[in-house]
Amino acid sequence: MAIKKKIDANRLNLKDEVVSINRVTKVVKGGKNMSFAALVVIGDPGEGVVGYGSGKAKEVPQAIRKGIESAKKNLHRVNLSQSTIPHQVLGHFGAGQVMLKPAPEGTGVIAGKTVRAVMTAAGVQNVLTKNLGSANPHNVIKATFDALTQLRNKEEVAALRGKATEEL
C-alpha cells in the first residue's frame, strides 16, 4: 500500500461551500447552551483536489471558519478522465450509499445538494449520481469520499495487472 502524500492547502486555489448548518442545543443546569455545527466542502476544481470538514462554535461564522480549517487538513486528490470520472463506483459509509456514474460531455452534474457540492469542488463537470440509503449530509459526504477514493485511472489499473496501458 502506497503512502499518501500530504497535499499543501496553501499552494491551491481553494473554494469553499457550506453544505449544512445545524443548530445544536445542550441542556444544562442553568438553561440551554446554543451552538452551531457547520459542514463545509472545499476544493480546487483545476487540480482535482477536494476535502470536507466540520466545525462547532457559538456563532455561525466561527463554525464555518473552523470547518474550513478542518477541511484543509483532510484533502484528497481525485482521479478524473477529462471532465468526468473514469468508471462507475459505489461508496458506503454507515447507512449511506452513493453511486457515481460517468456521463458524456454536456450532461452536467446530476446530483443532490450534498453530492453536488463535493463534485463541483472536485472539478467534475459531467456525472450522474444517486444517493441510496441515508440522507444525513455527514454520511452522504463520507460515502461520496469513499467512492472518490475507489476511483482508478488506466495507468493504475495497468500497473496493478502488470500490463502496458495500451493492452487494456
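**Figure 1. An open four-stranded sheet in the predicted model.** The four strands of this open sheet follow the order S5-S6-S8-S7, and their pairing is mixed. The edges are taken by strand S5 (89–93) and strand S7 (109–110); each has a single partner strand, so one side of each is left without a neighbour in the sheet. The model shown here, as in every view below, is predicted. Strands of a sheet pair through backbone hydrogen bonds, either parallel or antiparallel. The pairing of S7 with strand S8 (residues 127–133) is parallel and comprises two bridges. Val 109 has Val 127 of S8 as its bridge partner. Helix H3 (residues 137–150) packs on this sheet and touches S5, strand S6 (96–102) and S8. The direction of H3 makes about 135° with that of S5.

**Figure 2. Surroundings of Thr 84.** Thr 84 is located in the loop between strand S4 (75–77) and S5. With a relative accessible area of 12%, Thr 84 is buried, because the cut-off for that class is under 20%. Contacts of Thr 84 beyond four places in sequence are made with Pro 102, Ala 103, Val 124, Asn 126 and Val 127. One of these residues, Val 127, is also the bridge partner of Val 109. A polar atom of the Thr 84 side chain lies 2.5 Å from the backbone oxygen of Asn 126. Thr 84 and Lys 101 are 17 residues apart along the chain, and their C-alpha atoms are separated by 8.7 Å.

Figure 3. Strand S2 (residues 31–44) and S3 run antiparallel and are joined by nine bridges. Within this pair, Phe 36 stands opposite Ala 57 of S3. S2 and S3 form a hairpin with four residues between them, and Gly 48 in the turn has a positive phi of about 75°. S3 also pairs with S4, in the antiparallel sense and over three bridges. Here Val 49 is placed opposite Arg 77 of S4. Seven of the nine residues of strand S3 (residues 49–57) are buried, so S3 is largely enclosed by the rest of the structure. In a regular strand the side chains alternate between the two faces of the sheet.

Figure 4. An unreviewed UniProt entry carries the annotation "domain: S5 DRBM" for residues 14–78. Over residues 14–78 the chain is 20% helix and 62% strand. The end C-alpha atoms of this stretch are 15 Å apart. His 76 is found in strand S4. The relative accessible area of His 76 is 17%, and this residue is buried. The side chains of His 76 and Asn 74 are joined by a polar contact of 3.2 Å.

**Figure 5. Two nonpolar cores.** The largest nonpolar core has 27 residues, of which Val 41, Val 50, Leu 100, Met 119, Ile 141 and Leu 148 touch the most other members. Two or more residues of this core come from each of S2, S3, S6, helix H2 (113–122) and H3. Apart from neighbours within four places in sequence, Ile 141 is in contact with Val 19, Leu 39, Val 41, Tyr 52, Thr 114 and Val 118. A second, separate core has 13 residues, including Ala 9, Val 40, Ile 42 and Ile 64.

**Figure 6. Helix H2 and its end.** Seven of the ten residues of H2 are buried, so this helix is largely enclosed by the rest of the structure. The buried residues in H2 are Thr 114, Val 115, Ala 117, Val 118, Met 119, Ala 121 and Ala 122. An α-helix has 3.6 residues a turn, so residues three or four places apart point the same way. Gly 123 follows H2 and has a positive phi, near 95°.

**Figure 7. Thr 144 in helix H3.** Thr 144 is found in H3 and counts as buried at 0% relative accessibility. A polar atom of the Thr 144 side chain lies 2.7 Å from the backbone oxygen of Val 140. Beyond four places in sequence, Thr 144 touches Val 98, Val 115, Val 118 and Met 119. Val 115, Val 118 and Met 119 are among the buried residues in H2.

Notes:
Residues are numbered from 1 along each chain as its sequence is written. This is a predicted model: local features need pLDDT of at least 70, side-chain atom pairs count only at pLDDT 80 or more; totals for chains, interfaces and linings use all residues. Side-chain values use heavy atoms; hydrogens and water are left out. Two strands pair if DSSP finds at least two bridges between them. Contact means heavy atoms within 4.5 Å. Axes are lines fitted to C-alpha atoms, for helices over the stretch in contact, and angles run from 0 to 180 degrees between N-to-C directions. Buried means under 20% relative accessible area, exposed over 50%, partly exposed in between (1.4 Å probe, protein chains only). A polar contact is a pair of N or O atoms within 3.5 Å; within protein, one must be able to donate a hydrogen and the other to accept it, and residues adjacent in sequence count only if both atoms are side-chain atoms. UniProt positions are given in the numbering used here, feature names are shortened, and annotations may be inferred rather than shown by experiment. A nonpolar core is a set of buried Ala, Val, Leu, Ile, Met, Phe, Trp, Tyr and Cys residues joined through side-chain atoms within 4.5 Å.
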